[in-house]
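Student: I would like to learn how the features of a model are read from its coordinates. Could we take them one at a time, beginning with a helix?

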Amino acid sequence: LVGAVDAICFTGSVATGRKVAEAAAARFIPAFLELGGKDPAVVLASADLEMATDVVLRGAIANNGHACMSLERIYVQRPLYGKFVERLVEKASGVRLAYPDPRSGYLGPLIFEAQARIIQAQLDEARARGARVLTGGEIENLGGGLYLRPTVVVDVDQRMTLMTEETFGPVIPVMPFDTIAEAIALANDSEYGLSACVLAGTLEEALAVGREIDAGGISLNDGCMT
């Protein structure tokens, strides 16, 4: 395809994106590459609890988390952290699987078996390092499809692959922070930089933090560029 066009847009993995970029460079044509993300959400203590938990849950599990702009790292300021986790778990626990009738719930099967293995490996490693799964967390084989309920994980840190590598599934790791500077440092501690979101009491507060995050697009009091 690169040999037949004047420009190319590609969405996919880093490994394949590198091949597309090299082929495009050989022809001196533009290549627009969207290669996945590990998108952070920064939740300030001033954020509305209901809005923030709604945005995070939707942003993490919409399309089963199979979206490059899915929220995959959640950083919550400590005064709100306990209530945020409690409310998020309540909402996540109420999400039904779309099985056996696809119309009976919200989450369908994972995209394919290889992705299920990646998700399970990240969860297993996180547990081995001390993380706790508060809801979900186990791949279920139902009618030949592999399903994962919304999975809220706490006691995570930046050493875990769950916080550093793309998960591409309905997994929501939540980590507290104390200062704004710490939140910005955590959000920027990634090889990825597709998008991010900031949730705060006012748009001005969210904007001040969002300007410091090194990502291509920042949602303010919303997620996933909606």
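Student: What should the 13 residues of helix α2 span, and how far apart are its end C-alpha atoms?

Tutor: Helices (H or I, at least four residues) and strands (E, at least two) are DSSP runs, numbered from the N terminus. The expected span of a helix is 1.5 Å times one less than its number of residues. For α2, residues 49-61, this rule gives 18 Å, and the end C-alpha atoms are 18 Å apart, so the two agree. Please note that this is a predicted model, in which local features need pLDDT of at least 70 and side-chain atom pairs count only at pLDDT 80 or more, whereas totals for chains, interfaces and linings use all residues. Residues are numbered from 1 along each chain as its sequence is written, and side-chain values use heavy atoms, with hydrogens and water left out.

Student: Which residues of α2 are buried, and what covers them?

Tutor: Buried means under 20% relative accessible area, exposed over 50%, and partly exposed in between (1.4 Å probe, protein chains only). In α2 the buried residues are A52, T53, V55, V56, L57, G59, A60 and I61. Their cover includes the strands β3 (39-43), β4 (71-77), β9 (171-177) and β10 (195-199), together with helix α3 (78-93).

Student: What is found at the start of α2 and just after it?

Tutor: A polar contact is a pair of N or O atoms within 3.5 Å; within protein, one must be able to donate a hydrogen and the other to accept it, and residues adjacent in sequence count only if both atoms are side-chain atoms. At the start of α2, the backbone nitrogen of E50 has a side-chain oxygen of D48 within 3.2 Å. Just after the helix, N63 has a positive phi of about 55°.

Student: In the loop between α2 and β4 I see S70. Is S70 buried or exposed, and which residues does it contact?

Tutor: S70 has a relative accessible area of 2% and therefore counts as buried. Contact means heavy atoms within 4.5 Å. Leaving aside neighbours within four places in sequence, S70 is in contact with D39, G59, A62, G65 and C224. A polar atom of the S70 side chain lies 3.2 Å from the backbone oxygen of G65.

Student: What is the strand order of the open sheet, and which strands are at its edges?

Tutor: Strands of a sheet pair through backbone hydrogen bonds, either parallel or antiparallel. Two strands pair if DSSP finds at least two bridges between them. Here seven strands form an open sheet in the order β5-β8-β9-β4-β3-β10-β11, with mixed pairing. The edge strands, each pairing on one side only, are β5 (132-135) and β11 (217-220). From one strand to the next, the twist averages 25°; axes are lines fitted to C-alpha atoms, for helices over the stretch in contact, and angles run from 0 to 180 degrees between N-to-C directions.

Student: How many bridges join β8 to β9, and how many join β10 to β11?

Tutor: Strand β8 (residues 151-154) runs parallel to β9 and is joined to it by three bridges; V152 has I172 of β9 as its bridge partner. Four bridges join β10 to β11, also a parallel pair, and V198 stands opposite L220 in β11. The covered face of β11 holds G217 and S219, while I218 and L220 are on the uncovered one.

Student: Which backbone geometries deserve attention in the loops?

Tutor: One is the cis peptide bond from Y99 to P100, with omega near 5°; P100 lies in the loop between α3 and α4 (113-128). Another is the positive phi of D155, near 60° in a residue other than glycine. D155 lies in the loop between β8 and α5 (161-164) and is partly exposed, because its relative accessibility is 39%. F168 likewise has a positive phi near 60°, in the loop between α5 and β9; at 19% relative accessibility, F168 counts as buried.

Student: What does the radius of gyration say about the protein chain?

Tutor: The radius of gyration is taken over C-alpha atoms, and the globule rule is 2.2 Å times the number of residues to the power 0.38. For 226 residues a compact globule would have a value near 17 Å; the protein chain has 18 Å, which agrees. Buried residues make up 45% of the 226 residues.
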